[in-house]
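Trainee: I am new to this structure. Can we go through it step by step?

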Amino acid sequence: MGQVTVRVGGYSHPVSCEDGQEAHLVALAAEVDKRVNSIKAMGGQFGEGRLLLLASLLLADEVHDLKVAVAQARSGQAPAPAAEDPKLAERIARIADRIEGIAQNLDRP
C-alpha cells in the first residue's frame, strides 16, 4: 500500500493509497489546496476544518456542474452560459449566499 504526505492549507496530512496512485493523490490534494488558498485570499480567519469544509463545498459544486454538463452533452443539449440562463445565474447566487452563510456561522464562537 502506498503512502504519501500531502500539504493542504499549510498542514501536512499522511494519506494511504493503492500502489501507483501516489502522484494522482498528490494532484488531488493540490486541487483541494488551490480551493483552500482561494478561500484564504477572500479574507477572514478560518480554522483548518472550516477551510476544508468550504473547499469541499466548492469542489462539490464544481462536480455537480460537470455532471449537469455531461448529462446535457449526452442528451444533445448545449449547456447555456450563466449570462443567458437566469436559472443558472440564480442558482450560482444561492450557492454563493449559502457559502457566505456557512462561513459566517463558522465564525461564531
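**Core, hairpin and helices**

Mentor: The largest nonpolar core has 12 residues in all: Val4, Val6, Val8, Cys17, Leu25, Ala29, Val36, Ile39, Phe46, Leu51, Leu54 and Ala55. A nonpolar core is a set of buried Ala, Val, Leu, Ile, Met, Phe, Trp, Tyr and Cys residues joined through side-chain atoms within 4.5 Å. This is a predicted model: local features need pLDDT of at least 70, side-chain atom pairs count only at pLDDT 80 or more, and totals for chains, interfaces and linings use all residues. Residues are numbered from 1 along each chain as its sequence is written, and side-chain values use heavy atoms, with hydrogens and water left out.

Trainee: Which element gives the most to this core?

Mentor: E1, helix H1 (22-41) and helix H2 (48-75) each supply at least two of the core residues. Helices (H or I, at least four residues) and strands (E, at least two) are DSSP runs, numbered from the N terminus. With four residues, the element that gives the most is H1.

Trainee: What pattern does the chain follow along the sequence?

Mentor: Start with the elements. The chain has three helices and two strands. Read along the sequence, the pattern is β-β-α-α-α.

Trainee: How many bridges join E1 to E2?

Mentor: Strands pair if DSSP finds at least two bridges between them. E1 (residues 2-8) and E2 (residues 11-17) run antiparallel. They form a hairpin with two residues between them, and Gly9 in the turn has a positive phi of about 65°. Val6 stands opposite His13 in E2, and the number of bridges joining the strands is seven.

Trainee: Is Thr5 buried or exposed?

Mentor: Thr5 lies in strand E1. Buried means under 20% relative accessible area, exposed over 50%, partly exposed in between (1.4 Å probe, protein chains only). Because its relative accessibility is 54%, Thr5 counts as exposed.

Trainee: Which residues does Thr5 touch, not counting residues up to four places away in sequence?

Mentor: Contact means heavy atoms within 4.5 Å. By that rule, Thr5 touches Ser12, His13 and Pro14.

Trainee: At what angle do H1 and H2 pack?

Mentor: Axes are lines fitted to C-alpha atoms, for helices over the stretch in contact, and angles run from 0 to 180 degrees between N-to-C directions. The axes of H1 and H2 are 9 Å apart, and the helices pack at an angle of about 115°.
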